[in-house]
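Me: I am new to this structure. Please take a close look at its nonpolar core and at the parts that surround it.

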Amino acid sequence: MDAIAGDRRQHRRYCLRLPVQYRVSLKGESPRSGSGMTCEMSTTGLSFRLRRPLPIGAHIELVVNWPAKYADLYPIDLQITGFVVRSDTGRAAVSMTSRKFKIAEIPAEPIRATA
């Protein structure tokens, strides 16, 4: 990956297209949830595509469906909390405050071949 000229970011960004579910809350407003697709991710932030803009400064919880499985059987999710730092029609950026991987307790359904 090439560095972007004039880019002042301290952490490398990775282009990842993974399904994400989110729940956003802002004081005095009803929480809302939705889904989208990640665009870029670093150790401190994440951007993702979504249908409607989110309120800047809102607390957000995200669950990213990680592509790997534990022991090739158990799904892994990346759970993230943070704050919305940018949002417009179609894309939002989040500053992460915490992140952890969570392994599902129930194995994924095996893919069965059809005849």
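**The core and its strands**

Reply: In this predicted model, the largest nonpolar core has 19 residues, and those that touch the most other members are Phe48, Leu54, Ile60 and Leu62. Two or more residues each come to this core from β2 (19–25), β4, β5 (59–70), β6 and β7.

Leaving aside residues up to four places away in sequence, Leu54 touches Tyr22, Val24, Arg32, Phe48, Ile60, Val84, Ser87 and Ala92.

Next come the pairings of β7. Strand β7 covers residues 91–103 and pairs with β4, residues 45–49, in the antiparallel sense over five bridges. In β4, Leu46 stands opposite Val94 of β7. Strand β6, residues 74–88, also pairs with β7 in the antiparallel sense, over 12 bridges. Here Leu78 stands opposite Phe101 in β7. The hairpin of β6 and β7 has two residues between the strands, and Gly90 in this hairpin takes a positive phi near 100 degrees.

Ser42 lies in the loop between β3 (32–41) and β4. Is Ser42 buried or exposed? Its relative accessible area is 15%, which is under the 20% limit, so Ser42 counts as buried. The side chain of Ser42 reaches the backbone nitrogen of Thr44 at 3.2 Å. Apart from residues up to four places away in sequence, Ser42 touches His11, Arg12, Arg13 and Met96.

Note on methods
Residues numbered from 1 in each chain as written. Predicted model: local features only at pLDDT ≥ 70, side-chain atom pairs only at ≥ 80, totals over all residues. Heavy atoms only, no water. Pairing = 2+ DSSP bridges. Helix = DSSP H or I, 4+ residues; strand = E, 2+ residues; numbered from the N terminus. Buried < 20%, exposed > 50% of the residue type's maximum accessible area, 1.4 Å probe, protein only. Polar contact = N/O pair within 3.5 Å; in protein donor to acceptor, adjacent residues only side chain to side chain. Contact = heavy atoms within 4.5 Å. Core = buried A, V, L, I, M, F, W, Y, C linked by side-chain atoms within 4.5 Å.
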